[in-house]
Amino acid sequence: MAGLFDRFKKGLAKTRELLNTNLGDLFTAGKSVRQVREQLEEILIKSDLGVKTSAKLIEELERRVKGEADLEQVKQELRAEILAILKPLQKPLAVPAAPRPYVIMVIGVNGTGKTTTIGKLALRFKNSGLSVILAAADTFRAAANQQLQIWAERAGAQLVSHPPGASPAAVCFDALEAAKKNSADLVIIDTAGRFHTRANLIEELKKAKRVTEKALGRKIDEILLVLDATTGQNALEQAKIFQKEIEVTGIVMTKLDGTAKGGIIVPIADLFQIPIRLVGMGEAIEDLADFEAEEFVQALI
Ligand SMILES: Nc1nc2c(ncn2[C@@H]2O[C@H](COP(=O)(O)OP(=O)(O)OP(=O)(O)O)[C@@H](O)[C@H]2O)c(=O)[nH]1
Ligand SMILES: [Mg+2]
């Protein structure tokens, strides 16, 4: 597998081209940041950096680049500012030696890549010597169990599932029982997406969380929100709703391979201050990496 920087470079090529071409066109000779403020704001917003975050970046840029703005200097300052937002949230997902079982719940709207990410994670932790149980708490979609089972087999993880339509909370409970019985190290819970088409889904999720935490005797160790980078501004809305309803402890940004909307990770970090744990850069089992702020920023601008 290529290095992370090269993968970011490839994945973010569209975002970078858009941003860099527009910046290059804007900062022709003799202009100051103040003079091109509006156009610059438009460019940053178009690159999915978000309204609030773009305004903040420009304000800082104005402070730092006085007088005639040189393109290279502008880029360098933007890199530094974005890095200042992302770097504190670069906190990879690690499973500490205790407690056992360590429990990770994975949430997000449908199709963002929850199940795929779980498959990738299961392999990663299996390879690091942990015994892993996958809990198929997406009982909403008939094919969900089967999809998770395929990932479980690939990763060498145990699957706990109930028939479609069963209570997600019951699956979580059984998965914890199995983990205790088999002294498993890690339980990863898959959940159903599509919260907007079914009003009670967030409630169901909260119930699954409550039941899991009661059986566990503590809070779930990690609640990962999976966001699809290709949905751009929509991902911001999703983060807002989920964070309000459930205590999200980490973000996984998927589909960073080939999207023109990779910039979205910046306002998400800026507005929600949730650690960016992992990035998905493809559909294969090895296409998951820890988020690295420097590599990301270098590849972005
Ligand atoms: N290109 C790309 N595709 C991805 C990535 N992660 C997931 N996918 C694809 O996205 C699609 C949806 O992935 P799932 O893992 O089924 O998504 P989900 O969130 O579990 O979906 P629901 O269970 O329906 O809520 C699949 O076709 C995956 O192969 C990624 O990082 N890059
Ligand atoms: Mg799924």
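The crossing of helices H8 and H9 is right-handed (the near helix is turned clockwise from the far one; left-handed would be anticlockwise by less than a right angle). This is a predicted model, in which local features need pLDDT of at least 70, side-chain atom pairs count only at pLDDT 80 or more, and totals for chains, interfaces and linings use all residues. Residues are numbered from 1 along each chain as its sequence is written, while chains are lettered from A and ligands numbered from 1 in the order in which they are written.

**Helix pairs**

Helices (H or I, at least four residues) and strands (E, at least two) are DSSP runs, numbered from the N terminus. H8 covers residues 168–181 and H9 covers residues 201–216. Their axes lie 8 Å apart, at an angle of about 25°. Axes here are lines fitted to C-alpha atoms, for helices over the stretch in contact, and angles run from 0 to 180 degrees between N-to-C directions. H8 and H9 are therefore roughly parallel (angles under 35 degrees; over 145 is roughly antiparallel, 65 to 115 roughly perpendicular and the rest oblique).

On the H8 side, the contact is made by Pro-168, Ala-169, Cys-172, Phe-173 and Leu-176. H9 supplies Glu-204, Lys-207, Ala-208, Val-211, Thr-212, Ala-215 and Leu-216. Contact means that the C-beta atoms of two residues, placed from the backbone, lie within 7 Å. By class, this contact holds 9 nonpolar, 1 polar and 2 charged residues. Ala, Val, Leu, Ile, Met, Phe, Trp, Tyr, Cys and Pro count as nonpolar, Asp, Glu, Lys and Arg as charged, and the others, Gly among them, as polar.

The table sets out the geometry of each pair.

| Pair | Angle | Axes |
|---|---|---|
| H8 and H9 | about 25° | 8 Å apart |
| H5 and H11 | about 50° | 9 Å apart |
| H4 and H5 | roughly 130° | within 10 Å |

H5 spans residues 71–86, and H11 spans residues 265–272. The two are oblique to each other, therefore. Their crossing is left-handed. Ile-82, Ile-85 and Leu-86 of H5 meet Val-266, Ala-269 and Asp-270 of H11. That contact has 5 nonpolar, no polar and 1 charged residues.

H4 and H5 are therefore oblique as well. H4 passes H5 in a right-handed crossing. From H4 come Leu-57, Glu-60, Leu-61 and Arg-64; from H5 come Val-74, Glu-77, Leu-78 and Glu-81. This contact divides into 4 nonpolar, no polar and 4 charged residues.

**The sheet**

An open sheet is formed by 8 strands, with mixed pairing. The order is S3-S2-S4-S1-S5-S6-S7-S8. Strands S3 (158–160) and S8 (288–290) are at the edges, each pairing on one side only. Two strands pair if DSSP finds at least two bridges between them. Neighbouring strands are turned by 25° against each other on average, direction ignored.

S1 (residues 102–107) and S4 (residues 186–191) run parallel and are joined by 5 bridges. Val-106 has Asp-190 of S4 as its bridge partner.

Two helices lie across S2, S3 and S4. One is H7 (residues 144–155), running at about 170° to S2 (132–137). The other is H8, at about 165° to S2.

**Ligand 1**

The shell around ligand 1 has 21 residues. A residue belongs there if its C-beta atom, placed from the backbone, lies within 6 Å. The closest are Gly-113, Thr-115, Thr-116, Gly-193 and Gly-280. Helix H6 (residues 114–127) gives the largest share of the shell, 3 residues. By class, the shell comprises 3 nonpolar, 11 polar and 7 charged residues.

**Backbone details in loops**

The loop between H5 and S1 holds Pro-99 and Pro-101. A cis peptide bond joins Ala-98 to Pro-99, with omega about 0°. Another cis bond joins Arg-100 to Pro-101, with omega about -15°.

Asp-48 sits in the loop between H3 (37–46) and H4 (51–64). Its phi is near 65°, a positive value in a residue other than glycine.
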